[in-house]
Amino acid sequence: MENITENQITIVDLDLLRNIVNLACTRGAFNAAEARQVGEVYEKLSNFLKAVVEQAQAQEDVNNLDEPVTDIIDGGGLPPVTKTPKGE
């Protein structure tokens, strides 16, 4: 049976997709008629990722973690390490 985690999209994957769309636009991969739709999807994805980071930071404050949450927006950081609460 196939591992279910191989079929899941992570926040890091979404950030990578956002960066790919930005790069494709920079290189002129889309024509003018497509630019609006691509831009709208890019903005939705950017806003979603920003909200995820804000939520993670708020949760970090609640959990009082040792290390800050990696900022994946515009940094392309990969936060693979599970954080543990202080004192454990």
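Guide: Start with the buried residues of α1: Leu14, Asp15, Arg18 and Ala24. The model is a predicted one. What covers these buried residues includes α2. That makes the pairing of α1 and α2 the part to examine.

First, the setting. The chain has two helices and zero strands. Of its 88 residues, 17% are buried. Take the contacts between residues at least 6 apart in sequence: 44% of them join residues at least 24 apart.

Now α1 itself. It holds 16 residues, and its end C-alpha atoms lie 23 Å apart. Gly28 follows α1 and has a positive phi, near 75°.

Then α2. This helix runs through residues 32–63, which makes 32 residues. From first C-alpha to last, α2 reaches 46 Å, close to the 46 Å expected. Asn31 caps its N-terminal end. There, a side-chain oxygen of Asn31 sits 3.0 Å from the backbone nitrogen of Ala33.

Next, how the two helices meet. The axes of α1 and α2 come within 10 Å of each other and cross at roughly 145°. The crossing is left-handed. On the α1 side, the contact is made by Ile11, Leu14, Asp15, Leu17, Arg18, Val21, Asn22 and Cys25. On the α2 side, Val38, Tyr42, Leu45, Ser46, Phe48, Leu49 and Val52 take part. By class, this contact has 11 nonpolar, two polar and two charged residues.

In α2, the buried residues are Val38, Tyr42, Leu45, Ser46, Leu49, Val53 and Glu60. They pack against α1, residues 11–26. An α-helix has 3.6 residues a turn, so residues three or four places apart point the same way. Keep that in mind while going down the contact lists.

Leu49 counts as buried because its relative accessibility is 0%, and the cut-off for buried is under 20%. Its C-alpha atom is separated from that of Val12 by 9.3 Å. Along the chain, Leu49 and Val12 are 37 residues apart.

Now turn to Arg18, in helix α1. Arg18 is charged by class, yet it counts as buried because its relative accessibility is 3%. What do its side-chain partners look like? One is Asp15: a polar contact of 3.1 Å joins the side chains of Arg18 and Asp15. Another is Tyr42: a polar contact of 3.2 Å joins the side chains of Tyr42 and Arg18. Asp15, like Arg18, is among the buried residues of α1. Tyr42 is among the buried residues of α2.

Follow Tyr42 across. It lies in helix α2. Leaving aside residues up to four places away in sequence, Tyr42 touches Arg18, Val21 and Asn22. Arg18, Val21 and Asn22 are among the α1 residues that make the helix contact. Tyr42 and Ile20 are 22 residues apart in sequence, with 10.0 Å from C-alpha to C-alpha.

Finally, look at Glu43, also found in helix α2. Glu43 counts as partly exposed because its relative accessibility is 42%, which falls between the 20% and 50% cut-offs. Its C-alpha atom is 9.0 Å from that of Arg18, 25 residues away along the chain.

To put the pieces together: α1 and α2 cross left-handed, at roughly 145°. Buried residues of α2 pack against α1, and α2 is part of what covers those of α1. Within this packing, Arg18 has polar side-chain contacts to Asp15 and to Tyr42.

Terms used:
Residues numbered from 1 in each chain as written. Predicted model: local features only at pLDDT ≥ 70, side-chain atom pairs only at ≥ 80, totals over all residues. Heavy atoms only, no water. Helix = DSSP H or I, 4+ residues; strand = E, 2+ residues; numbered from the N terminus. Expected span 1.5 Å × (residues − 1). Buried < 20%, exposed > 50% of the residue type's maximum accessible area, 1.4 Å probe, protein only. Contact = heavy atoms within 4.5 Å. Polar contact = N/O pair within 3.5 Å; in protein donor to acceptor, adjacent residues only side chain to side chain. Axes fitted to C-alpha atoms, helices over the stretch in contact; angles between N-to-C directions. Left-handed = near helix turned anticlockwise from the far one by under 90°.
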